[in-house]
Amino acid sequence: MTLSPSDLIAFNAVLFVALISPGAAMLFITRITLSAGRASGIATGIGLGTAAALWTLAALFGLEAVFKLFPWTYTVLKIGGAAYLIWIAIQTWRHARSAVKEAPKPRGRAILAGLLLNLGNPKSMLFAAAVIVVIFPKGMTGNDIALIVVNHWVLELAFYTVFATLLSAPSVRRGYLKLKPVLDRIAATVLGALGLRLILEK
């Protein structure tokens, strides 16, 4: 069947709601942008968006079926992602009182950090799979699949670019620096809790 514009509009609407919902990705890019600046925030968004688009590609190719056939693959990925979240939480807590350096986080490292964060969250793929089953028709062509994935990546990148730009305003950053110890420890607690929840959930 052929992909219709209404299918993409519905997908984008659901994706936008997911993007603005609080979660590990939102907390992570918020912290990076406020501490390292707009460029690092946008770079982190590139990594987050690329990983999310890859999960959508995997869902379109039926990776969910692989998880059902080989449950251990999902478990390994879930534990690895949870461990990464907990590691970020520990580092954030440890450096909560450290002064923010003027040098921004290297963009390559920021992209990789965002990529690893979302690749380590198989729930992103399960979310994509659920949305895809509901919204898109079966039997789509390779071009349709490519369009969906590129559309997903562009929307994520646009969202995170706007978000990082707004968040990097001088007044917002000054407010963050004043409350950095408290805000970083709140972020660390939430990220650590998300990691533990990921491990404990069946």
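User: If contact means heavy atoms within 4.5 Å, which residues is phenylalanine 11 in contact with, leaving aside its neighbours within four places in sequence?
Analyst: In this predicted model, Phe11 is one of the residues with the most contacts inside the largest nonpolar core, which has 36 residues. Among the elements that give two or more residues to this core are α1 (5–20), α7 (122–135) and α8 (142–167). Once neighbours within four places in sequence are left aside, the residues in contact with phenylalanine 11 are Thr56, Val131, Ile135, Phe136, Ile148, Asn151 and His152.

User: What is the radius of gyration of the protein chain?
Analyst: The protein chain is built with 10 helices and 0 strands. For 202 residues the globule rule gives 17 Å, and the chain's own value is close to that, so the chain is as compact as a globular protein of that length, with a radius of gyration of 18 Å.

User: How far apart are the end C-alpha atoms of helix α6?
Analyst: Helix α6 takes in the 13 residues 107–119, which at 1.5 Å a residue should span 18 Å. The distance in the model agrees with this expectation, since the end C-alpha atoms of α6 lie apart by 18 Å.

User: How wide an arc around the axis do the buried residues of α6 cover?
Analyst: The residues of α6 that count as buried are Ala110, Ala113, Gly114, Leu117 and Asn118. They lie on the same side of α6, because the arc they cover around the axis is only 120 degrees.

User: Which exposed residues does the face of α6 turned away from its buried side carry?
Analyst: Exposed here means over 50% relative accessible area. On the face of α6 turned away from its buried side, the exposed residues are Gly108 and Arg109.

Key:
Residues numbered from 1 in each chain as written. Predicted model: local features only at pLDDT ≥ 70, side-chain atom pairs only at ≥ 80, totals over all residues. Heavy atoms only, no water. Helix = DSSP H or I, 4+ residues; strand = E, 2+ residues; numbered from the N terminus. Expected span 1.5 Å × (residues − 1). Buried < 20%, exposed > 50% of the residue type's maximum accessible area, 1.4 Å probe, protein only. Arc of directions from axis to C-beta. Core = buried A, V, L, I, M, F, W, Y, C linked by side-chain atoms within 4.5 Å. Contact = heavy atoms within 4.5 Å. Rg over C-alpha atoms; globule rule 2.2 N^0.38 Å.
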